[in-house]
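Biologist: I have not looked at this one before. Can you walk me through it, starting with the whole chain and then going down to single residues?

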Amino acid sequence: MAGTYPHPGEQAAQDPIRLLAIRDTPLSVDEVFAAVGDDAAGGTALFVGTVRNHDGGADVDRLGYSCHPSAQDELRRVAEKVAVDFPVRALAAVHRVGDLEVGDLAVVVAVSCPHRGEAFEACRRLIDDLKHEVPIWKHQTFSDGTEEWVGAC
C-alpha cells in the first residue's frame, strides 16, 4: 500500500560511515566527496577547513596539528552519533596533522542525506562536534614570533 512505509532511501543507511581518518599527508576534497556518494541522497553537504593567514587579530605564518592517540576512536564516536541523530546515507571526515602552511586543507567533512536540510544540519554537527570533542590540538606561529596552542577539546 502506497504511503504506509516510507521508501528505504528516506532511512539512514545501515553502515553510513564511509571514511574516517587522521592523516599527516595532504587531504583531498574529491576523495571525501566521492566517499559520500549515494543514489538515495538528495543532498550532500561538504565543509572544507583551510589554514587562514590570521587569527585573533594577528597574522599567522604557519601552524601544526597534533593529536592524542585516542583521536581516531573519538572521531568514530562523533561520526556514529551524527549517523544516529540524522538520516545519514553516507558520512566522511578526514583531519590533517603535522605542519601546515597558509592555504593548506586542515579538515574535510561531508554528509549525504535524503534531503538538503538534513545534510546541512548533519554536516554542521559533524564539524562542530569534531572540533569540540576530538583531541586534536593546533599550534599557531604568528608573524611577530609569538606562538599559541589551541585545544580542540
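**The chain as a whole**

Modeller: Of the contacts in the chain with a separation of 6 or more, 73% are between residues 24 or more positions apart. Contact here means heavy atoms within 4.5 Å. This is a predicted model, in which local features need pLDDT of at least 70 and side-chain atom pairs count only at pLDDT 80 or more, while totals for chains, interfaces and linings use all residues. Residues are numbered from 1 along each chain as its sequence is written, and side-chain values use heavy atoms, with hydrogens and water left out.

Biologist: How many helices and strands does the chain have?

Modeller: There are three helices and nine strands. Both are DSSP runs numbered from the N terminus: helices are H or I with at least four residues, strands are E with at least two. Along the sequence the pattern reads β-α-β-β-β-α-β-β-β-α-β-β.

Biologist: What box do the C-alpha atoms fill?

Modeller: Roughly 70 × 25 × 25 Å, taken along the principal axes.

Biologist: And what share of the residues is buried?

Modeller: Of the 153 residues, 42% count as buried. Buried means under 20% relative accessible area, exposed means over 50%, and partly exposed is in between, with a 1.4 Å probe and protein chains only. The chain exposes about 8300 Å², and carbon and sulfur atoms supply 50% of that. Accessible areas come from the Shrake-Rupley method with a 1.4 Å probe; for residues, only the protein chains shown count as cover.

Biologist: Salt bridges next. How many does a search of the whole structure find?

Modeller: The search finds 10. A salt bridge is a side-chain nitrogen of Lys or Arg within 4 Å of a carboxyl oxygen of Asp or Glu. One of them joins R89 and D38, with the closest N and O atoms 3.3 Å apart.

Biologist: Where do R89 and D38 lie?

Modeller: R89 is in the loop between helix 2 and strand 5 (90-96), and D38 is in the loop between helix 1 and strand 2, so the pair ties together parts that are 51 residues apart in sequence. A network of salt bridges links R18, D38 and R89.

Biologist: Is D38 buried or exposed?

Modeller: D38 is buried, because its relative accessible area is 18%. R89 is buried as well, at 13% relative accessibility.

Biologist: What else does D38 touch?

Modeller: Leaving out residues up to four places away in sequence, D38 touches R18, R89 and S112. A polar atom of the D38 side chain also lies 2.8 Å from the backbone nitrogen of A40.

Biologist: Back to salt bridges. Which residue does R77 pair with at 2.9 Å, N to O?

Modeller: That partner is E74. R77 and E74 are three residues apart in helix 2, so about one helical turn separates them. R77 counts as partly exposed at 37% relative accessibility, and E74 does too at 24%.

Biologist: Which other residue forms a salt bridge with R77?

Modeller: E133 does, with the closest N and O atoms 2.7 Å apart. This pair links distant parts of the chain: E133 is in helix 3 (residues 116-133) and R77 in helix 2, 56 residues apart. E133 is partly exposed, at 32% relative accessibility.

Methods: A polar contact is a pair of N or O atoms within 3.5 Å; within protein, one must be able to donate a hydrogen and the other to accept it, and residues adjacent in sequence count only if both atoms are side-chain atoms.
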